[in-house]
Amino acid sequence: VFCCFNNNFKFTEDVFSSWMRILAAVPGSVLWLLADNAWAEANMRRVAQAHGVAPERLVFAPRVAPPDYLARFALADLMLDTFPYNAGTTASDALWMGLPIVTLAGRSVISRMAGSLLTAIGLPELITETLADYEALAVRLGRQPARIASLKRYLAEEGRRSPLFDVPTRVRDIESAFERLALQARG
């Protein structure tokens with residue numbers, strides 16, 4: 001089960017086409033998406049059909065309360081990020097819930113957000129630099145459930161202890177920086 005719970009407006013034609021090639025290359029796979037609006041859903045089903053992917057392989061989920069939203073991440077196998085507008089909060093939520101993400105990093109801040117999160121959590125190998133590499137990695141992982149299980153195990157065991165989610169250390173670092181600035185200001 002691939003998923004992308006980013007807002008639909010972040011989906012580009014190139015990335016969506018890539019997702020359809022990923023689904024075609026991973027037999028029995030589905031793509032779980034946010035049901036943002038009926039027009040987008042109809043268009044995505046139409047485009048899937050045009051790519052030779054059965055429209056029912058796109059599974060749409062309505063918006064739900066935060067606990068239910070977070071619970072969805074545990075049910076998927078791999079999150080596929082958007083580009084050039086990467087997931088930010090959604091990527092953080094996915095990683096917090098133990099779901100690995102494949103991302104495509106660009107040159108702008110907004111296209112490097114998920115990559116930054118993956119680096120902080122210790123999974124830089126899930127960051128790609130080209131659409132072809134993004135697609136190849138997603139297909140490779142989609143065909144290797146044991147590798148996905150290993151990534152999920154890593155996130156369960158190490159993810160919340162990583163620098164990404166180490167809030168006390170981050171707070172101490174910020175407080176130390178403020179203290180240095182205050183001492184410098186006094187001169």
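P84 sits in the loop between strand 4 and helix 4. The peptide bond leading from F83 into P84 is cis, with omega near 10°. Most peptide bonds are trans.

Some ground rules. This is a predicted model, where local features need pLDDT of at least 70 and side-chain atom pairs count only at pLDDT 80 or more, while totals for chains, interfaces and linings use all residues. Residues are numbered from 1 along each chain as its sequence is written, and side-chain values use heavy atoms, with hydrogens and water left out.

Now the overall picture. The protein has eight helices and six strands. Helices (H or I, at least four residues) and strands (E, at least two) are DSSP runs, numbered from the N terminus. Along the sequence the pattern reads β-α-β-α-β-α-β-α-β-α-β-α-α-α. The C-alpha trace spans about 70 × 35 × 35 Å along its principal axes.

How much of the protein is buried? Of its 187 residues, 42% are buried. Buried means under 20% relative accessible area, exposed means over 50%, and partly exposed is in between, with a 1.4 Å probe and protein chains only.

Next, contacts, meaning heavy atoms within 4.5 Å. Take the contacts with a separation of 6 or more: residues 24 or more positions apart account for 69% of them.

The accessible surface comes to about 9,900 Å², and 59% of that belongs to carbon and sulfur atoms. Accessible areas come from the Shrake-Rupley method with a 1.4 Å probe; for residues, only the protein chains shown count as cover.

On to helix 2, residues 38-50. Its 13 residues should span 18 Å at 1.5 Å a residue, and its end C-alpha atoms are 18 Å apart, which agrees. The expected span is 1.5 Å times one less than the number of residues. Which residues of helix 2 are buried? They are A40, M44 and A48. Seen down the helix axis, these fall within an arc of 70°, so they line one face of helix 2. That arc is taken over the directions from the helix axis to the C-beta atoms. The buried residues pack against helix 1 (13-25), strand 2 (31-34) and strand 3 (58-61). Turned away from that buried side are the exposed residues A38, W39, R46 and A50.

H51 is partly exposed, at a relative accessible area of 35%. Leaving aside neighbours within four places in sequence, H51 contacts S17 and M20. From H51 to L80, 29 residues apart along the chain, the C-alpha separation is 18 Å.

Now helix 7, residues 145-158. Its 14 residues should span 20 Å at 1.5 Å a residue; the end C-alpha atoms are 20 Å apart, which agrees. I148, L151 and L155 are buried in helix 7. Down the axis, they fall within an arc of 60°, so they too line one face of the helix. What do they pack against? Strand 4 (78-80), helix 4 (89-96), helix 5 (113-121) and helix 6 (131-142). The face turned away carries the exposed residues A146 and A156.

Last stop: R160, in the loop between helix 7 and helix 8 (167-186). R160 is partly exposed, with a relative accessible area of 43%. Not counting residues up to four places away in sequence, R160 touches W96, M97, L155 and F165. L155 is one of the buried residues of helix 7.
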